[in-house]
Amino acid sequence: TEQGEVVLTVGSRRLEAGDGAGPRYRLEFAVRDTGIGIPEDRRDRLFASFSQVDASTTRRHGGTGLGLAISRRLVELMGGTISVESRVGEGSTFRFTIVADEAPSPIPAFVGGEKPLLAGRRVLVVDDNATNREILVRQTGSWGMSARAAASAGEALGWIASGEPFDLGILDLQMPEMDGVALARGIREHRPAATLPLVLLSSVGRRGERAEQDLFAAELTKPVKPSHLYDTLMELFGGAVSGPAEAPAAPARALADRVPLRILVAEDNTVNQRLILLLLEKLGYRADVVADGQEAVAAVERQPYDVVLMDVQMPEMDGLEATREIRQRLGEPSRPRIVAMTANALQGDREACLAAGMNDYISKPIRQDELAAALGRAAGANGAERPAAALDEAALDQLARTVGSDEALASLVDTFLADTEQILAGLRAAVARDDPTETRRLAHSLKSTAASFGATELSTLSRRLEERAAGGSTDGTAALLAEMEAELPRVREGLVRVGALRPA
């Protein structure tokens, strides 16, 4: 629909355990939309194969096809039921239940209850969407924060002007009459950034204006994941992030021991600065920090660096211009390797960074495994010893639990390595004959398979190759393919190191 929302809610109810079995739960899901609705005389067809509410060839809204028929079968196999409630012109709610055993697992930091660093802090939530307001109020409340929600920018600005105390503001960007940026400017007339940090919620791929950067301490993409919001708030108030996707500390620190690097971070956002420094610290590195492109140029002229982690959007001089300046002023022997950092994942962004003279590219929010991979590539380019591939051991553990035994995992690993060699051979042939369609297909296949076996860097390289071939050409893919071929032996070494593969 042109406007509206889809909301998923999940609840649980503990069932009586029998025969000495562990706890069991009935999970109750509801998917509510504000769509076109379903007429009562057609609802009985919904769960039959290939039914369509609107069967015309000019229909504006798709029908159900096989999806609901498959959903019903899956739900029934899991001991549950599925149903629908609907009103024409108002929307529908699909409900289903499944029965599941309790499974022990670590509790992430962001769902661990009240947080001492956040408890009692007063947060202003501003969003014209009632569902979004409720989610943010509930989430911040679960950490012990006291939230007050406004449905409009005008209402919120009135509270601020009257002197109502807040420790933090979370503002939606897209609101009628006055958007989040205009509201932030109004708030700054009454409260400085030092006493009232603001977090902006925006859509994917937004490019903020430089003038906005002093208004907000952080910007998050909607829909906001609780873990991202938690980490942002902890950073704002001086706490440690939860880091659910980070690699274990001991293996990560070995990277700096094996490949020492002098690193400069060029980033204007103070929260991002601290986060990057924390990630680097977990990898065993210390780094210098500058806040804009001009400072970055001055820093690399003042002393040598091996790597510059360069934010693309910065005041005074952006990352692209700073890179061009560094390339012009420094000769090849003393020139650092420049790694772009950008929140924009749009097609063409990577090409723009490389065209400016940057050597590599990682996307925000920065993940530790991607950062480690970029530093590993930098070490290799600088002639340092390349470490064995940093594997995602959590992915390997999940795979091991799925197959059920070490022997089965070892067999799968052997198959994965053999298949990868065949795919790389196929990619070499496809690139040689300038076949972007086959290049994209093979890269896509390897991307998902490598991720399943924890080979994150190989998966990332495959994704980059897939994206390049998606443009209809194999130009520039040979270098990526060479990196992938160089990465495979490192993946093999890493699999031996973690015990998933027997040494040759």
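A pocket, on a 1 Å grid over the protein atoms alone, is an open set of points where a 1.4 Å probe fits, with protein on both sides within 12 Å along at least five of seven lines. Its volume is the space filled by probe spheres set on the points. This is a predicted model, in which local features need pLDDT of at least 70, side-chain atom pairs count only at pLDDT 80 or more, and totals for linings use all residues. Residues are numbered from 1 along each chain.

The second largest pocket holds about 1,000 Å³ of space. It is lined by 29 residues (those with an atom within 4 Å of a point), and the closest to its centre are V7, T131, N132, I135 and P223. Two or more lining residues come from each of β1 (6-15), α2 (130-142) and α5 (226-236); helices here are DSSP runs of H or I with at least four residues, and strands are runs of E with at least two. The largest share, eight residues, belongs to α2.

Elsewhere, helix α13 (residues 406-432) packs with helix α16 (residues 477-497) at an angle of about 165 degrees, their axes 11 Å apart. Axes are lines fitted to C-alpha atoms over the stretch in contact, and angles run from 0 to 180 degrees between N-to-C directions. The angle therefore makes α13 roughly antiparallel to α16, a term for angles over 145 degrees.

Which residues of α13 meet α16? They are V413, F416, L417, T420, E421, L424, L427, R428 and V431, where contact means heavy atoms within 4.5 Å. Their partners in α16 include T477, L481 and M484.

Note on methods. Side-chain values use heavy atoms; hydrogens and water are left out. Angles under 35 degrees count as roughly parallel, over 145 as roughly antiparallel, 65 to 115 as roughly perpendicular and the rest as oblique.
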